[in-house]
Amino acid sequence: MTTYWEKAPIEVIQLAEALIAAHHRDLLDARIGILFRSPTPESKGKRQLGEASKVTDKIRPLLKRDLDFIIWVAADWWLDEADERQKKAMLDHTLCHCRIVDGVPTIAQHDIEEFTQVIHRYGFWNEDLERFDQDGRQARLFAPAGEVLAVDTDRAGEFMT
């Protein structure tokens, strides 16, 4: 199967710029190239919607501009399937891989890696997962234990005396 590469539309570039300004301030001085790839590739049985790579000396001579990172986005997914929330989340996720450490571009790994079955069986069992759980609670990603509900007024008088 032939892979096609094309220039990413301006909406992708503008969204990346907005995400960098809001959440990835360490990338404000980074030079990032973004392009579309089609069709959407699969890796280990899952569709791969995008990828960030550090520009190496091997590919640097092939580029028209000096870049720190190249990000590709699955064009068919972006154009035909993804809603605005999904586009933003995928691009934000991909930008999270791009880091500048002591002035050097690097690719960061995911904060956590675990199977949902293991979490179901053992909960958040290690430090990375515990931190994820705490961050999720602070961001209200996970439902709090409390609840608010209506009181049945037919029997409220029995308890309100």
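The chain has 6 helices and 8 strands, assigned as DSSP runs (helices H or I, at least four residues; strands E, at least two) and numbered from the N terminus. The model is predicted: local features need pLDDT of at least 70, side-chain atom pairs count only at pLDDT 80 or more, and totals for chains, interfaces and linings use all residues. Residues are numbered from 1 along each chain as its sequence is written, and side-chain values use heavy atoms, with hydrogens and water left out. From the N terminus, the elements follow the order β-α-β-β-β-β-β-α-α-β-β-α-α-α.

Of the 161 residues, 28% count as buried (under 20% relative accessible area, 1.4 Å probe, protein chains only). Among contacts (heavy atoms within 4.5 Å) between residues at least 6 apart in sequence, 61% join residues at least 24 apart.

The largest pocket holds about 1800 Å³ of space. A pocket is an open set of points on a 1 Å grid over the protein atoms alone, where a 1.4 Å probe fits, with protein on both sides within 12 Å along at least five of seven lines; lining residues have an atom within 4 Å of a point. Volume is the space filled by probe spheres set on the points, which are joined across faces, edges and corners. The lining comprises 34 residues; His93, His97, His110, Asp111 and Ile112 are the closest to the pocket centre. Strand 4 (46-47), strand 5 (50-54), helix 3 (84-96) and helix 5 (127-138) each give two or more residues to this lining. Helix 3 gives the most, with 7 residues.

The second largest pocket holds about 300 Å³. Strand 2 (residues 32-38) gives the most to its lining, with 4 residues. Among the lining residues are Arg31, Lys64, Arg65 and Asp66.

Technical notes: Buried < 20%, exposed > 50% of the residue type's maximum accessible area, 1.4 Å probe, protein only.
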